[in-house]
Amino acid sequence: MVSNTEGGKSFARRDRLLEIEAQVQKWWGEKEIFRADSLKTPPKPGERFFGNFPYPYMNGYLHLGHAFSLSKLEFASAYHRLRGANVLLPFAFHCTGMPVKASADKLSREIQLFGDPPIFPSTPEDQISDPDQELGEEVGENQGVAEKSKGKKSKAAAKASSTKFQWEIMRSYGLSDAEISKFQDPYHWLIYFPPLAMEDLKAFGLGCDWRRTFITTEVNPFYDSFVRWQMRKLKKMGKIVKDLRYTIYSPLDGQPCADHDRASGEGVLPQEYTLVKMEVIPHFPQS
């Protein structure tokens, strides 16, 4: 084995561990170690373990936060598997909602404004303003609203990026301009990012039964029919009701836009105003 050196420092032990990791993961795949099938007899307490993970959005690559959260489930699954339990760990990819559509629409607007490939303004004075960001700043000036959304605004600030344009975000993924243009179609995101996420999860060593993986939306008719059945069932049971509530509305998309569905402006909440109507009466008559 050739040892990799950087700046005179040897990484032989690291490279050896990576080599072992690749060999073991290949063996896992060949032996179908993580395949979970029904047992011939009903399992006794402790003989089975089922774990799942909230579907990650497919509007980009998986990141370190996904790995950190997923590690807890992975460790638990491995622990129960070592104890002899029949462990079922499926995985899915979230393509429903506005994040993918919002990113695709943002690309389309940037092409309309700056061309394909776009030539973005080089000076701050020429850059277009972000109405969602401006709205968030206005909300922040209101102390009462700021206190209510303190946690969400902190999260939004942590997720904020110095890259303003969606096209530049896609370039940071290593995509060419010709490839980026295809992402104006929301369905292109559904066929591009899930397979890459699956490869990353396999490299992570996730003990998943990959026969049990899927994406959401009507592109997957099986999942779509399940969700429809579930909603009809819950409505029939009286668990789902139609009511009114204040919400953030997107005039561009013509529908409510929940917190995680926004390309920007996360943490912004509806504001409550009190209007005082005062009647203007004539001046006092002169004596």
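Before we start, one cut-off to keep in mind: a residue is called buried under 20% relative accessible area, exposed over 50%, and partly exposed in between. With that, R35, at 40%, counts as partly exposed. Please also remember that what you see above is a predicted model.

So, hello everyone. I'd like to begin with charges and then move on to the nonpolar residues.

The structure has 10 salt bridges. Let's stay with R35 for a moment. Its side chain meets that of E32 in a salt bridge, with 3.5 Å from N to O. And E32? At 47% relative accessibility, E32 is partly exposed as well.

Now look at D37. Which residue does D37 pair with in a salt bridge? The partner is R211, and the closest N and O atoms are 3.0 Å apart.

E32, R35, D37, D209, R211 and R212 are linked in a network of salt bridges.

One further pair for your notes: R171 and D177 form a salt bridge, their closest N and O atoms being 3.0 Å apart. Here D177 is partly exposed at 27%, and R171 is partly exposed at 36%.

Someone will ask about cysteines. How many disulfides are there? The count comes to 0. Two cysteines I would point out are C95, buried at 6% relative accessibility, and C208, buried at 4%.

That brings us to the inside. In soluble globular proteins, nonpolar side chains tend to be buried together. In this model, the largest nonpolar core has 31 residues, and those with the most contacts inside it are F91, F93, M170, W189, L201, L206 and W210. Who supplies this core? At least two residues each come from α2 (64-82), β5 (91-93), α3 (98-114), α7 (166-172) and α9. The largest share, 6 residues, is from α9.

Let me finish with W210. Leaving aside residues up to four places away in sequence, which residues does W210 touch? They are F91, F93, M198, L201 and K202.

Definitions and conventions. Residues numbered from 1 in each chain as written. Predicted model: local features only at pLDDT ≥ 70, side-chain atom pairs only at ≥ 80, totals over all residues. Heavy atoms only, no water. Salt bridge = Lys/Arg side-chain N within 4 Å of Asp/Glu carboxyl O. Buried < 20%, exposed > 50% of the residue type's maximum accessible area, 1.4 Å probe, protein only. Disulfide = S-S within 2.5 Å. Core = buried A, V, L, I, M, F, W, Y, C linked by side-chain atoms within 4.5 Å. Helix = DSSP H or I, 4+ residues; strand = E, 2+ residues; numbered from the N terminus. Contact = heavy atoms within 4.5 Å.
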